[in-house]
Amino acid sequence: MLKRIYQPAAYQTDTLPDSYWVESAAPLPDCEKLPIDGALKTDVAIIGGGYCGLSAALELATSGTNVTVFDAGRSGWGASGRNGGFCCMGGSGKGYGYLAKRFGVDETRKFARIQRDAIELVDQRLSDWDIDADRHSDGEVVLAHKPNRVRELHEEIDELNHFTDIKSELLDRDTLVERGLNAGETYGGLHVKAGFGLNPMKYLIGLHAQCIKAGVRIFEQAKIDRFDEADGKYTLHAGATQITADKIIIATNGYSAENLPDWIGGKLMPVFSGIFVTRPMSNDELAAQGWTSDLMAFDSRILLHYFRKLPDNRFLFGGRGGITATPAAFDAGKRDLLSNFNRMFPAWRDVELTHHWNGLACLSQSWRPYIGRVPGYRDVWTALAWHGNGVALASQGGKLLAQRMQGAIGNEDLGAVLGTPMDNFPLPKLRRVARSAAYRYYGLRDRFA
């Protein structure tokens, strides 16, 4: 029995999410279904068919490895089909200065370079595979939601200059308005010129197609219940079906079970993020609010909001905060999200919403991802905890994990930030209770501090 941190509603895998991305992308082609009973053999079994799992599968398959992917739903059912479509820097819940105190300046710069490489990887894939993923935006802009947060933007640009070679620009309130970035509760901005927006499902479908082309077998509705190790081999159990593999990759991120394997238990804190999308708006409607830019944006709140104008003039607005998977909690989250949207974009308060959905962003106790071997196992590997920035980093993380497994790169190439196993939360059974209290505190800080 898989142990989960949330109620069953968070893990319903019967269908793809009811998101704008799924509706606007071509249908995902059908893949294999597991036999009701029987046996399969593979060199590497990958649990999870999102960006990370498929990227690892593609890298291994192109080098001649027999790879099989097992997804409890369909590829893109989890975060890969639910995210906001921000292909950008990120991956840690803390800034570069914080990481440098733990790992040193050089290791922190290496982590920043890997993030930049991750964006370039997705960019190259879209080009090489001729994927029209509705890409737009020259980087992203972070908006100070209080006057005293402008100082933090100055501190952030200093960190960017010290740890990266990314170009950035500070914008005052008047400049934001001139550039079509007019939102309520905004007092300045920082334009970080790295990354772009995209339709994440169109990208995933292209990645999925490349895996099939490379010979990867992908099984859908194939929930792995457990695995055993004996005689140098692993046996994975999916109902009455048994799969024998030399190696296993766990690529389930925020949808991971606490006991697959037990090492994961207590190390992750998935949190819900809600998103809605409006109908397409006219140019006059956009001008009425003063937001005509296609830049990706987010604000300086701890419980941040993220938003962007899509290429067809729809507007996407998302936010963090949920830690309960019930219909009532999802409805309350939607009402809160809509209240924040109306306050920031009052000219659009009567614009129809066409889609709303939720997904899990994966945080870790250590505030950083991990790529490497699962401690205590000879050949069980994982890459996870992208802190809400998995479009780029999960893609790169899967590729790097495959290279590490093959010996093409070593731990020194991953670096200490990504290559150091995560810690456990203190009192892990109380994580949700503690997070609920923390969110109330964060909400007060965002409002009053």
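**Labels and their grounds**

Q: Why is strand β7 called largely enclosed?
A: Five of the five residues of β7 (residues 188-192) are buried, so the rest of the structure largely encloses this strand. Buried means under 20% relative accessible area, exposed over 50%, and partly exposed in between (1.4 Å probe, protein chains only). Strands are DSSP runs of E with at least two residues, helices are runs of H or I with at least four, and both are numbered from the N terminus. This is a predicted model, where local features need pLDDT of at least 70, side-chain atom pairs count only at pLDDT 80 or more, and totals for chains, interfaces and linings use all residues. Residues are numbered from 1 along each chain as its sequence is written, and side-chain values use heavy atoms, with hydrogens and water left out.

Q: Which residues of β7 point each way?
A: Gly188, Leu190 and Val192 point one way, and Gly189 and His191 the other. All are buried. In a regular strand the side chains alternate between the two faces of the sheet.

Q: What makes β5 and β6 partners of β7?
A: Two strands pair if DSSP finds at least two bridges between them. Strand β5 (residues 140-143) has four bridges to β7, running antiparallel. Strand β6 (residues 168-172) has five bridges to β7, also antiparallel. Glu140 has Val192 as its bridge partner in β7, and Leu171 has Gly189.

Q: What makes helix α2 mostly covered?
A: Ten of the eleven residues of α2 (residues 51-61) are buried. Among them are Tyr51, Cys52, Leu54, Leu58 and Leu60.

Q: Why is Glu258 called buried?
A: The relative accessible area of Glu258 is 18%. The limit is under 20%, so Glu258 is buried. Glu258 sits in the loop between β12 (240-250) and β13 (268-278).

Q: What does Glu258 touch?
A: Leaving aside residues up to four places away in sequence, Glu258 touches Lys3, Ile264, Gly265, Gly266 and Arg431. Contact means heavy atoms within 4.5 Å. A polar atom of the Glu258 side chain lies 3.3 Å from the backbone nitrogen of Gly266.

Q: Why is Pro8 called exposed?
A: Pro8 has a relative accessible area of 59%. The threshold is over 50%, so Pro8 is exposed. Pro8 is in the segment before α1 (20-24).

Q: What makes a space a cavity, and which residues line the largest cavity?
A: On a 1 Å grid over the protein atoms alone, a cavity is a set of points where a 1.4 Å probe fits but cannot get out; a pocket is an open set with protein on both sides within 12 Å along at least five of seven lines. Lining residues have an atom within 4 Å of a point. The largest cavity holds about 30 Å³. Its lining is Ile5, Ser256, Ala257, Glu258, Ile264, Leu268, Pro270 and Arg431.

Q: How many residues line the second largest pocket, and which lie nearest its centre?
A: The lining has 32 residues, with Leu303, Arg320, Gly321, Asp336 and Asn340 nearest the centre. The elements giving two or more residues to this lining are β13, β16 (315-322), α9 (327-344), β17 (353-364) and α12 (431-448). The largest share, ten residues, comes from α9. The volume of the second largest pocket is about 770 Å³.

How values were computed: Polar contact = N/O pair within 3.5 Å; in protein donor to acceptor, adjacent residues only side chain to side chain. Points joined across faces, edges and corners; volume = space filled by probe spheres on them.
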